[in-house]
Amino acid sequence: MNLKLFIKKNVQLARCPNCNTIASLRRSRSRNIFEKIIKKLKISAYFCQSCGWRGRLLTFKLSRNFFKLIFFYIMTMVVSAYIVLRFLRSYFD
Ligand SMILES: [Zn+2]
């Protein structure tokens, strides 16, 4: 499954949540294992160059197609389960 279908880059990243300055955020280096794990979860630590704000932001957010794709996968599973069930019933009857 391609994860890029579900998530996209968070475009609001460029704006500082504290002072609202555009393009002032820089990614801060993860200093310990705990921060590295958080980074793996796509929540990176950032700091603002203009006001000194420090915090974490979601690097990714769900794409618009997310629910459409989830619905499609569930429907595919339900339909194939139904077909298998029908086949098994006709086989054993
Ligand atoms: Zn700021």
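Visitor: Among contacts in the protein chain between residues at least 6 apart in sequence, what percentage join residues at least 24 apart?
Guide: Two residues are in contact if their C-beta atoms, placed from the backbone, lie within 7 Å. For pairs at least 6 apart in this chain, the share joining residues at least 24 apart is 52%.

Visitor: Which element has the highest mean pLDDT?
Guide: It's a predicted model, where local features need pLDDT of at least 70, side-chain atom pairs count only at 80 or more, and totals for chains, interfaces and linings use all residues. Residues are numbered from 1 along each chain as its sequence is written. pLDDT is the predictor's confidence in each residue, from 0 to 100. Strand E1 (residues 7-9) has the lowest mean, 59, while the highest, 92, goes to helix H2.

Visitor: How many of the 27 residues of H2 are buried?
Guide: Buried takes 20 or more other C-beta atoms within 10 Å of a residue's own, with C-beta atoms placed from the backbone. H2 is hardly covered, and its buried count is zero.

How values were computed:
Helices (H or I, at least four residues) and strands (E, at least two) are DSSP runs, numbered from the N terminus. A residue is buried if 20 or more other C-beta atoms lie within 10 Å of its own, exposed if 12 or fewer, and partly exposed in between; C-beta atoms are placed from the backbone.
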